[in-house]
Amino acid sequence: MTRFVRRDRNQTESTLLQKTARFMPSGVRTPSGSDEHEMVVESGHGCWLRDVSGNEYLDYLMGSGPLLLGHAHPAVVEAVTRKITQGSSYLMVNEPAIELAEQIIETVPCAEKVVFNSSGSESTFFALRMARAFTRKQKVLKFEGAYHGMHDYALMSTQWTEGARDSSAPVPNSAGIAHSVEEDVLIAPWNDLETTQQLLEERADEIAAVILEPLQRTLPPVPGFLERIRELTQSLGIVLIFDEVVTGYRLALGGAQEYYGVKPDLATICKGIASGYPISVLCGRSEIMDQADPRRLMSGDHVRLTGTFSGNAISCTAALATLQELRRPDTYETLFQRGRRLMEGLSLAMETAGVPCQVTGEPPAFQPWFSENVIRNFRDMLSADATRNRLFTGLLLEQGILKAHEKFFISTAHGEEEVDQTLETFREVARQIAAAG
Ligand SMILES: Cc1ncc(COP(=O)(O)O)c(C=O)c1O
């Protein structure tokens with residue numbers, strides 16, 4: 001393995017970073033919020049990312065998940081290039097959108113009807129609106145530590161905040177969130193069936209929807225958890241929404257609902273479907289989805305949810321090309337096999353170096369927790385050593401491996417050679433962490 005030596009930042013990149021700081025109020029976007037990750041991306045190919053100074057990183061950030069086939073997959077580039085000369089956005093239904101809707105219905109268990117949006121946040125927001133309209137109830141229940149995007153209902157008690165341990169009251173995660181929204185969000189602890197069941201049963205008359213990430217961040221559901229939530233929501237007249245913005249097409253063609261074998265009423269899908277082109281999907285049972293039919297406008301039970309870019313032909317074309325690749329035999333077997341090698345190799349490297357570490361997730365998306373304890377919920381996550389985690393991410397970057405402080409995202413472009421290289425780096429980094437004490 002040739003050793004990665006990071007080049008100094010060149011003048012062009014320095015100037016670009018200065019401009020970013022001056023012109024863009026959310027600042028220099030880095031996956032970690034720390035200086036060592038400050039860079040300007042020049043290009044991405046396969047599982048490699050290049051910065052403007054000429055450094056090539058082995059990428060496990062992968063755009064935070066959308067690049068399931070890697071950067072600039074040739075089949076996607078070819079399909080988009082062919083289509084783009086015919087325009088991109090018509091605010092009218094078009095062939096790629098129709099074909100894509102059909103393929104989603106074919107592959108995703110709960111999908112009987114489909115609505116296209118542009119971002120994951122939009123789809124989770126609209127899913128909640130659909131549920132409120134359908135049940136004529138107001139409140140939504142989400143799990144502590146789950147992330148469903150940036151709208152006011154979603155940005156409550158996410159991974160960035162800690163509320164009172166035994167309270168179902170949400171903690172808003174941003175200034176500017178309407179206080180009135182707080183009244184309509186209830187929080188339950190992930191993987192705690194007893195507390196969740198009690199909340200659902202006590203407040204069933206008020207709760208329109210339960211929204212959950214079936215793989216919450218990288219915390220899988222404990223056996224029986226999803227199944228029991230499904231039974232409870234069904235019997236209590238509550239809409240069950242699976243936020244599959246990350247897991248859709250990543251864990252299986254049918255997403256987490258296929259992988260874990262539990263079918264929700266509605267699902268939101270985004271990152272895995274279109275190789276980095278902006279599109280998201282809200283899909284589910286016809287009865288609920290049909291509320292989007294504009295012919296219901298005058299009857300008072302129409303749910304409005306259009307957007308200027310919804311169903312744009314380029315994103316739908318990228319998604320069709322992506323699905324064609326994902327449907328190839330052995331795609332998921334290979335993805336899982338490589339991810340499993342990385343998860344196991346990471347655990348072993350830390351164990352050998354004497355560094356307590358738990359690796360959670362599923363092979364296509366996982367992360368380490370520097371802790372002696374089993375990590376099953378948000379509170380367990382908080383007990384892990386965050387300083388060690390930052391050290392881990394920083395040391396990887398020094399060795400040319402890019403990731404955020406959270407997940408490793410695996411793509412079909414990560415080959416055996418890159419996995420070998422990563423495992424060697426894990427061993428080296430584990431020794432460095434142990435030596436740092
Ligand atoms: C599970 C989940 N839901 C929703 C979102 C929001 O998606 P977007 O950033 O496209 O709005 C994200 C983004 O990371 C996510 O991970």
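A nitrogen atom of the ligand sits 2.7 Å from an N or O atom in the side chain of Asp243. This is a polar contact (a pair of N or O atoms within 3.5 Å; within protein, one must be able to donate a hydrogen and the other to accept it, and residues adjacent in sequence count only if both atoms are side-chain atoms). Taken alone, the ligand exposes 390 Å², and the protein buries 82% of that; accessible areas come from the Shrake-Rupley method with a 1.4 Å probe, and for residues only the protein chains shown count as cover.

The model is predicted: local features need pLDDT of at least 70, side-chain atom pairs count only at pLDDT 80 or more, and totals for chains, interfaces and linings use all residues. Residues are numbered from 1 along each chain as its sequence is written, and side-chain values use heavy atoms, with hydrogens and water left out.

One lies 2.9 Å from a polar backbone atom of Gly120. A polar side-chain atom of Ser121 is 2.6 Å from a ligand oxygen.

Now the domains. An automatic or database assignment sets the bounds: domain 1 covers 11–60 + 330–436, and domain 2 covers 74–326. Their centres, taken over C-alpha atoms, are 27 Å apart. The contact (heavy atoms within 4.5 Å) takes 23 residues from domain 1 and 27 residues from domain 2.

Across this interface there are two salt bridges, each a side-chain nitrogen of Lys or Arg within 4 Å of a carboxyl oxygen of Asp or Glu. Glu144 forms a salt bridge with Arg379, with the closest N and O atoms 2.5 Å apart.
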